[in-house]
Structures are given as structure tokens and as C-alpha cells.
Amino acid sequence: MTDHLEKIWYLVQASGSMDESDKELLSQELAALRKQRIEQDFKLKRILKDKSIAVNILEATIQDLEKKRLEVEEINQKLSAQQRELQLQKRIIEKNARVLQNNLDKLELSYKEMEQFSYIASHDLKSPLRTIASFAQLLERRYYDQLDEDAKEFIGFIVSGVNQMNEVIQGLLRYSQIGVIGK
Amino acid sequence: MITRSYHCASLAQLQQTLAAVKTSNFCPSLAIVFTSVQFDLEQIRQCFVEQDIALVGCTTAGEIVDDSLQETSIAFLLLDLDLAAFRIQLTEYKGQNMVQAATEIGSFVKKSFDRPGVLLLSSGLVIDAQSLVQGINSVISRSIPIYGGLAGDDLKMIKTYAFTHEKITDNGAVSLVFDTSKVILTGMAISGWKPIGGVNMITKAEGNQVFEINGEPAYDVFVRYFGLSEADTKHDQLIGIQTNYPFQIIREGRDNILRSPLLIHRDSKSISLAAGVQAGDRFRFSTAPGFEVIEQTIEGFKDLKVKAPEAEALIIFSCKGRHGAFGPLLNKEIQGVYQYWKKPAIGFLSYGEIANLGTDQIEFHNETCAAVILKAVKR
């Protein structure tokens, strides 16, 4: 617009058809328009530059956010894989724990069986022993005068053997009870 | 206090102006000078020394005089201030650690006056001005008014300078300390930049230099986010990006703070920001605000007008990034701020500003327009 006014200005000056005060006024108006044009040109240039830079900054921000998103996704995938691995290991541990518990149960049962066996064995073994010892002692008392020294000694061996056997059985019983207490 | 603002297009004009001042009734004791880096700073310094005027100043990326923006000029404010009302010191930086410099400046400020206020002009492209401000306050053990800016070099991004009547430095700060019982010094800054995109994290940094963002080389992230081609990474194309699109550092329970990427290091694939950051800091990129921010900024300075209704001089620090973002319309912002007080004003387009951003806390900022009011206390 001001280019056209500049031309008009030169034409007016060349024609000499305008008085000095009008020329002055026109000159001032033209100067104001020139200033306005410079300001408008600057505004337009800066707005375009700002727009371009703002777009670049936002694009770069989006790129960086996308990069971060991919990094987070990769980390999530790794964490998921680790979680799966942990779950697998947990299942194995749980299975092993079940096997171990089963074995412990079996072991406990074995202890109980052994305890029962020891009790039964000691009771069953001690009963005939008591019979042997009782009758050997009865035989010695009733027929004491009829027995020679050898017979008396043999009866003594029988009673002594029974006592020894009784101690062995008592030992076995204590041993089985130690196992039960230790458990 | 009488104050006058000037701008000269050459050293010869500066000499003439100062000579004319000398022959008038105006006897300035202090000059604040903001100049394009293209002028011989030593000659400028000499001009003021010859007139026996104390001097503080720095190079710029554009100069502000009253309500207009100048390019490649020497802008200066002359003040006939009581010599007992101000003190000047130039502090050289040793390395990039600001602790020693802050301690030195803080001690100087502390011993200068009971109620000091500081105008701080710093050279150095990559200095941690935030640490400097915090360090000065920690030496003084309380918050004092500190306003100022980082010098510029017409966007060459090579070397910036600060100077006094005694010395010029490209790696140091000039402190002009006022006795605020004699001169009121108050100001504020306004930004307007908005965040865009997602939250990023600085994963490796050392001082101002950022090596990695989100675990990726910082340079690669920068190039990718701004869609820069190999050709775009040449100085001229890159400079607009650097100054217009700062990082918004996110701070828990506080407003974001802007940090412009001042230097791009292709070799180390790193970026130097305008202040120190740490690994773990989170940030968002930002876009330049709409042109309505010019009106909003002018409106925002009403608060300063309420706080300081009268002024005898106005100093404006406007980030060079605002010039990049607002172009010729930046003049409207400068005019708008100037109109509140209509007093002699100078300022410059800076690489960083020190002021309070709508709160009481004075910090180092980028992309702000900061205005500082000077006024002698009536007795």
C-alpha cells in the first residue's frame, strides 16, 4: 500500500499541484504509514518464525514423549517377563513345598509306626520273658531241696539271661521314645 | 539533584557535549554511560576524567535515551550528586566462581554506607550473576536493593566491558553504591515469556554450562527442538533463537526464572546459559510473547509509579531478547515506561537484568524490562 502512496507522493511533488501545508501533511502521513508497514512486516515475520519454532518444539516434545513411551513399554515388557518367570519359580517352589510336606507327613507316620512297633515289640517280648523268669524262680523255690548245685546255677543263668533281655528291650523302648521326642 | 541525559554518535560529539556542559551552570559529579562496543572505551573514559566527572558504565547491545532507542551511540546520564552519596568500585572476576567477587563487592557495599543500594553493571558473557547477587546479599546478611544489567556487545557475543573513570574490564563488575538515606533507589522488572512443550531435565551441568539434557547432548537437543539445520547453526541465524527463546527453569514454590542460552559450543556439544544451573534442574522451552505484552508491561510499571511517584532520573535495562521479539515496537515499551516520570532516562539493551520481578526478591533475570528510579531524598 505504501509503495503506491510513495508513487503518488512523487507524482504530486512532480506536478507541483499541492501547496506546502498539504505537502507537509502528506509527508507526515506517509512517514506514519512507513512506520506502520515496518511494524506490520516485523510482526508478520516474527509470528511466522514463532509459529515455525512452536511447531518444532511441540513436534520434538511429542517425539521425546513417544521415545519415553517406548522406553516405558520396553521396561513394562521386561517387568512382565520377570513377573512370569517369578510366577513359574513360585509354582515350582509351591510344588516342592507340597512334596516336602508329603515327605514330612510320611516321616511322621513312620515315626508313629515305629513308636507303635517299639511299644508292641517291647510289651510282646517282655510278657514271655516275665513268664520264663517267674516259672524259673517258682521251679527253684518248689524244688530247691531236690535240685543239685548245677541245676540251681542253670536256673540262675535263666533268670540272669531274662534280666539282660529285659534291659535290652527297655533300651529299645527308650530309643524309640527319643526319636518321638526329637521329632 | 539535577540530572541530564544525552546521546552522542561519535567521540568528537561526546567531547563537544561535555565541554558545553562545563561552560553551563550544571556541574555534574557522576556520569552513568552506556555505549556501543564499537567506540574506543579508553577515549570515552578519558573524556570524563578530563572533565573530573566520576564514571560508571558498560557496553551495550543498543542504547536507550529518554523515550527512544539508539543504535551504536554513547548514551549517558549526568548527575550533580553529592560526592558523599555514592561510592564506586570495579571488581575483577577470578575464574567463573562468583564467591570471591561477591564477597569482595559485598564487603565494599557493607562498609560504604549503613543503608546501601547498588547499581551493578557486569561484563563477561558467561558469568553467574544470580550467584553474584545472592553472594552480595549473604555478605551483607540482609537483602538490599541491587539493580543492574549484564553488558552487551551489539550481539557479537565476543566480549563485553564494564568500566569506571579508573579502569576498564572485560571480566568484572562495576558497583555504584548509593547512600539510600540520600538517594532513593528503587525499581522492578517485568517479563511476559510463556512456557511451551514438555518438562525437560538438565542431566549434566557445570556452572553456566549445560552438557546434557534428558541424558542427550544439550547441543543436539537444542538443534532438534528448534529444527535447526547445519546452516542454521551459523552465528547470525542462531543468535535470534538464543535471545528470543530462553529456558524457563522450574522452581518449587516460586515463579519460573528465565535463562537465555548465550553461547553454543559445537565442540563440546554444550550450551552456556546466562546463569548457573545444576544437574536435576527441570525446565521448559519458551516462546516470545504476543505483542500485547508491550501494553501489559507498560501497565505493570504503574506499580513502580505508585511506589516511587517522583523521580529525578530513570535507568532502564531491557533485555536484547525483547528487541529481537518486539523489533521496532520496543520503542513503544520504552516510551510507555518513560511517560510515567518524563525525567532524564538512559538505559541499554542488556544480556541480563538484576531486579525484582513482581516480588520483593531481587534476582538475575533474562527477557525482562527493568526500570530503576533515582531520586535525592528531600531534607
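Trainee: How do strands β2 and β6 of chain B run, and how many bridges join them?

Mentor: Keep in mind that this is a predicted model. Strand β2 covers residues 30-36 of chain B and strand β6 covers residues 74-79 of chain B, and V33(B) stands opposite F76(B) in β6(B). The two strands run antiparallel, and the number of bridges joining them is six.

Trainee: Which strands of chain B does helix α2 touch where it packs on the sheet?

Mentor: Helix α2, residues 41-50 of chain B, has a direction that makes about 160° with that of β2(B). The strands it touches in chain B are β2, β3, β6, β10 and β11.

Trainee: Which strands stand at the edges of the sheet, and why is one side of each left without a neighbour?

Mentor: The open sheet of six strands in chain B has mixed pairing and the order β1-β6-β2-β3-β10-β11. Each edge strand has a single partner strand, so one side of it is left without a neighbour in the sheet. The edge strands of chain B are β1 (3-8) and β11 (168-169).

Trainee: Which residues touch the most other members of the largest nonpolar core?

Mentor: In soluble globular proteins, nonpolar side chains tend to be buried together. The largest nonpolar core here has 97 residues, and I32(B) touches, among others, V56(B), F76(B), L119(B) and I346(B). The residues that touch the most other members are I32(B) and F178(B).

Trainee: What is the mean pLDDT of chain B?

Mentor: In chain B, 98% of the residues reach a pLDDT of 70 or more, while the predictor gives the complex an ipTM of 0.78. The mean pLDDT of chain B is 92.

Key:
Residues numbered from 1 in each chain as written. Chains lettered and ligands numbered in written order. Predicted model: local features only at pLDDT ≥ 70, side-chain atom pairs only at ≥ 80, totals over all residues. Heavy atoms only, no water. Pairing = 2+ DSSP bridges. Helix = DSSP H or I, 4+ residues; strand = E, 2+ residues; numbered from the N terminus. Contact = heavy atoms within 4.5 Å. Axes fitted to C-alpha atoms, helices over the stretch in contact; angles between N-to-C directions. pLDDT = per-residue confidence, 0-100. Core = buried A, V, L, I, M, F, W, Y, C linked by side-chain atoms within 4.5 Å. Buried < 20%, exposed > 50% of the residue type's maximum accessible area, 1.4 Å probe, protein only. Lists of a residue's contacts leave out its neighbours within four places in sequence.
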